[in-house]
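Me: I should like to learn how to read features of a structure such as the one shown here. May we proceed one feature at a time?

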Amino acid sequence: MIHSLFLVNSSGDIFLEKHWKSVVSRSVCDYFFEAQERASEPENVPPVIPTPHHYLISVLRHRIYFVAVIQSEVPPLFVIEFLHRVVDTFQDYFGVCTEAAIKDNVVVVYELLEEMLDNGFPLATESNILKELIKPPTILRTVVNTITGSTNVGEQLPTGQLSVVPWRRTGVKYTNNEAYFDVVEEIDAIIDKSGSTITAEIQGVIDACVKLSGMPDLTLSFMNPRLLDDVSFHPCVRFKRWEAERILSFIPPDGNFRLLSYHVSSQNLVAIPVYVKHNITFREGSSQGRFELTLGPKQTMGKAVESVLVSSQLPRGVLNVNLNPSQGTYTFDPVTKLLSWDVGKINPQKLPSLKGSMSLQAGASKPDENPTINIQFKIQQMAISGLKVNRLDMYGEKYKPFKGIKYMTKAGKFQVRT
Amino acid sequence: MQRLLQLPASAVNMVKTAQGQEEAKSPVLTPDGSQATWYSAVRPDELRHLRAGGEVEDAGASAEEGANTGGQAQPLRHDDLKEMLDSNKDSLKLEAMKRIVAMMARGKNASDLFPAVVKNVACKNIEVKKLVYVYLVRYAEEQQDLALLSISTFQRGLKDPNQLIRASALRVLSSIRVTIIIPIMMLAIKDAASDMSPYVRKTAAHAIPKLYSLDPEQKEPLIEVIEKLLADKTTLVAGSVVMAFEGVCPERIDLIHKNYRKLCNLLIDVEEWGQVVIINMLTRYARTQFLNPNANEVLLEEGEEKEFYGSDEEEGKEEKVEKKKPYVMDPDHRLLLRNTKPLLQSRNAAVVMAVAQLYFHLAPKAEVGVTAKALVRLLRSHSEVQFVVLQNVATMSIKRKGMFETYLKSFYIRSTDPTQIKVLKLEVLTNLATETSISIILREFQTYIKSMDKDFVAATIQAIGRCATNIGEVRDTCLNGLVQLLSNRDELVVAESVVVIKKLLQMQPEQHSDIIKHMAKLIENIQVPMARASILWLIGEYCEHVPKIAPDVLRKMAKSFTSEEDIVKLQILNLAAKLYLTNSKQTKLLTQYVLNLAKYDQNYDIRDRARFIRQLIVPTDKGGALSKYAKKLFLALKPAPILESPFKDRDHFQLGSLSHLLNVKAGGYQELPDWPETAPDPSVRNVEVMDKRKEKKKVEKPFYSDSEDESRLTESADSDSNTGSGSESSSATEESDSGSKSEDSGGESESEQQEKPNRKNGLELLKLFWHSRVLFVCILPCSAQTISPTFSSLKTYELLHRLTGEGLAVGYCFGRQPFVRDPHMVTVQIQFTNHMDTEARNLRVREPRLQSGMRIKEFPEIEVLPPGETVTTVMGIDFCDSTQAANFQLCTHTRKFCVSIQPPVGELMAPVFMLENEFKKEQGQLMGMNEIKETLVLGEACQSDYAIVQRVTAAANVGQVPCGSDQEFAGKTMTSNSLVLVTVITKRDRTAQLTVNCEKMVIGTMLVKDILHALSQ
């Protein structure tokens, strides 16, 4: 399946290579570089590139291209999904997945890659198993290892791979047993010029951080499970139980994991928590344009809209802008023409606005494209769909765990067309 | 990298400080002499290299080329590594290995260190060992001879008692691409394939394709191994072996038959990567074995779909005759569809895609829709995932438009999408457009046209063109919209519009002469060659509609002819020729002029065309025979172009495959076969349940004794429950999935039985396992002696000797299954054999003389027993937990015999399922008087754990406690249900301690005696 992996940084250097079968020369990446040159934007590099003898399948994460070389038919999603899993694992291990982090931990990276694939076929991709095999580097451990010369490879051979619950480490012990669940919902929306909603959807995830000793068996139930239209589970969730009772029943992996992602059925009307008033105009023959933008909250159920960030790609003809924000700060990059305005919190009494003028290239005709406005925001302690967790119970262990549930709503791909 | 170098860096400091002084004074260095020698061996110039190493890495890949050659040019550095590898400190070895791995990662050649590294293959330190493995696998191919040095280590590893070490030894051994060890690999794989541990078997499955790629000659023996592993019942192995199957012998579809149902049932518990491989393989399998569920529809829609389904000629003729009979789905086909459906909820995009393609290729048309929701969900994933999914959705949406219609808005384009995603979404939107949805789609398209991404705008214009051709109602609207675009400022947009308008006009040119006029005016401004060419073609083609403008355009073009692009020149020639034929008065000279210009053009195509046209249209003395047909040739009615999706007919590739994505057959792609005309024999997939149980028993017995193997135990329970539910469900399948929605919302009753066993907690699993074992026990008696020597206690006791019985011999044995009519009774099997020459009649029990409390359930009277025949019957006796004999009379039609049955104490009980902690708890309550301990010397033949289990279970009807640390057995007496707990603890020197805990002290004492006897034999 996967023959080799090359890691390419944003300046086009191969900084790591790993081969699982016979060595493939790194010159195969030339085809990739060619495609990269052709693509206008980094994300426009085609994920699958055929070459005379190989196929290159790549993903772009954290400005690093992970280029897998394959030689014969294999479902492309299989490789793509695996590469993303690799990135997730690196992130899990090193906190960040950057070129520097990978270079610093090149041995751990190599050990991980060795365990994750055997002859190009995925072997152990479960983070709990990997962490038993290869301990993640921490500052303390690095220091200890340097002094004592001990290793970061697990002394114990892991048994997780052999157990009935391969996603959970065995022999987990905590002094404080705690389980936290974050219900995070994202609104994807397209709002048209007049402010009416073209499409709006709510995607949610439940991310868990479970630190419980032993082999706890948890059940999580919702007040209104009917809201969930389409769900995908972590493998630990018992599917039949969900089908029958709409209850999440699972033996959790140890640590952080995504328990569930869901989609709220589109029958329910989606509440849009912010509105935008905008007036972006260019006049024919004039080298000036007007820019006015006002934000306001709506349907927020009394919760504050925070961390608001507005960004917009202005037309190429715009040379510079001269704007006046009522709060927050704005930046404009004259090269990429990207305007971004860090608003902060919306105060309903005094709505934030950004007004001013844009200067255009002299003599150029008025741009006929309209910029789109992208908005990011956060609302704490609320799930916009109204989803509520009913209760969380634990079986199989004697102690009383500390349980916590947090709700949050965020903007996903929230666009306003002008 | 820097962190890696911290050890040497600190060493540097130490050496620096130590340089002036005596080394012995350094507190760190004193305790260990060898370390000190190394540090002193590091000369200052080497230290410079160490530090330089760090800088080189930081400098990045630009310096790498230099460093690459520098690597060889710096033998010093490698000497230093070699020295570290040769030292006897693990920490130094580790440090050296880490640096070597870092070199490998950067693509530097580290092969000259091979001899030094390979020596450390047997190092005790796990991390060093692992890194050595990494190195070996990378360089062994280049250093075949030296690599052989390491082989013996792996061979030793293959025999290790720890399954993980066996597995990792096999993994590395099979990854070393050295041809000389092929026979060793083959042997190792064969051994590992029958290893007790499923994990080792999984590794064996992984090793198969490795060996095959190294030496394709080994195909046949490898197929044997694959066949064997395919029969494996553990989820761990299933994915890997199917992977091997796909790599080595995907054509051997016959190997799948027997394992088909098992694979379907195991599927949900296989790890996600294995699921993908199995689903793809089963898709192909199903295409060869089942009938097309949409066959009837094909017949209906033959007109449209014939290209695809009817591509084979032979299909056409038989079809009509056959398809008359109603289609009934094969239960196995249904089983596959049903068992894959829950996987649509997987978090792994590849699994979801695999299920979606399976449904697309195999499911009845009405059911394919269930996958749409999951596919739309994937659109929220990473852009690479989106890219692949959209490609597949594009293909699906052509064939099954309805399934995505409700999700139309999910394909709306955002300005932040990458261009390649935008274009694919457009493709899908265009495919989905219908009379009802077209208006909103067009409104969407209007906003897209204002986008800043010009490539995307061009694609949108093409999409509008396609919508217009496909849906007649909106053609005029689209055309008007496109004409408006002609005044767009961006030339690319205008050009693209011209091209599309040209195609649209071709469909109904009469009504649009003003558009043609408008476009003729545009030729002044548009510079894009394709657009110019399109306009010229339009004017030429419809010159009758614009009789005044056309000659003028030609005049202008004649002026600029020499500076035009080739395609434009060709169209100018075309225009000239057409005008000459329709309006020769005005254009004769112009045409001549253009033809002359073309005659001397640099491009031979244009010269050729000019010559050809001249001959054709200009009458010459030779009187070209064709010139009278010139009008027909040039002004023939041309068919309007059909604007088709580039994704049309891509579904002859299996969806989700690389080949489908590239629309080219990739290496190793397995064609998706066409449905068969008649279904092959479905019975090939039948697996005889009885046989399976027998086999299972034989396999299973040894591992009772093997405490290492907990997982195996549970897993075999899985497979057992699965085969059970599988055979059941496959027989009653039809009713299920028809209403897909209802299944989503409401709980399905039958779903219960298929509860993922893997996810149950341990207790349930073990109970399940217990049931399965009880089952075997139940089945046993009828053929116990032949099946297994395990239950040797089923020996037959004599009730009536043939001499005493005057030719009638009667024997009995204890069946050990629960007596059906009364749970307190012991089952006694009685076997009559008639050795007389005449038949015996009316065999029955009479006048039982029993101790108080004892009860007897007689066997039904046997009317006739012909001479020489044997008959077996069953009776139940409640012995009241005592070993007192039950006396009764056995009567025939002529005689009566007084007989008695005396049970061994071990038969007065029945096994109980118990977990170890329960066992310990119960044992704690039965201490003191109730506990009897004996030490014994184990007999010759019962040294192994396995033998002990056999002996104990033979002596008494008790059940072993699963996964117990010692040999523990539990049972309860038949009548009073008192627990009987037996523990055997083996000691080193062939001795063992036997403990029996039982409330009934008499039973306890007797049992101890019996077991002692059994074990010390």
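Me: What percentage of the 418 residues of chain A count as buried?

Reply: The model is predicted. A residue counts as buried under 20% relative accessible area, and 57% of the residues of chain A count as buried. Chain A has 7 helices and 23 strands. Among its contacts between residues at least 6 apart in sequence, 68% join residues at least 24 apart.

Me: Why is helix 6 of chain B said to be largely enclosed by the rest of the structure?

Reply: Burial is counted residue by residue along the helix. In helix 6 of chain B, 15 of the 16 residues are buried, so the helix is largely enclosed.

Me: What span should helix 6 of chain B have at 1.5 Å a residue?

Reply: Helix 6 (residues 90–105) should span 22 Å, and its end C-alpha atoms are 22 Å apart, which agrees. Just after this helix, Gly107(B) takes a positive phi of about 80°.

Me: At what angle do helix 32 and helix 34 of chain B pack?

Reply: An angle under 35 degrees counts as roughly parallel. Helix 32 (residues 549–560) and helix 34 (residues 584–599) pack at about 30°, with their axes 10 Å apart; they are therefore roughly parallel to each other. The crossing is left-handed.

Me: Which residues of helix 32 of chain B meet helix 34 of chain B?

Reply: In an α-helix, residues three or four places apart point the same way. Helix 32 contributes Pro551(B), Leu554(B), Arg555(B) and Ala558(B), which meet residues of helix 34 including Leu590(B), Val594(B) and Leu597(B). The residues of this contact divide into 7 nonpolar, 3 polar and 1 charged.

Conventions
Residues are numbered from 1 along each chain as its sequence is written. Chains are lettered from A and ligands numbered from 1 in the order in which they are written. This is a predicted model: local features need pLDDT of at least 70, side-chain atom pairs count only at pLDDT 80 or more; totals for chains, interfaces and linings use all residues. Side-chain values use heavy atoms; hydrogens and water are left out. Helices (H or I, at least four residues) and strands (E, at least two) are DSSP runs, numbered from the N terminus. The expected span of a helix is 1.5 Å times one less than its number of residues. Buried means under 20% relative accessible area, exposed over 50%, partly exposed in between (1.4 Å probe, protein chains only). Axes are lines fitted to C-alpha atoms, for helices over the stretch in contact, and angles run from 0 to 180 degrees between N-to-C directions. Angles under 35 degrees count as roughly parallel, over 145 as roughly antiparallel, 65 to 115 as roughly perpendicular and the rest as oblique. A crossing is left-handed if the near helix is turned anticlockwise from the far one by less than a right angle, and right-handed if clockwise. Contact means heavy atoms within 4.5 Å. Ala, Val, Leu, Ile, Met, Phe, Trp, Tyr, Cys and Pro count as nonpolar, Asp, Glu, Lys and Arg as charged, and the others, Gly among them, as polar.
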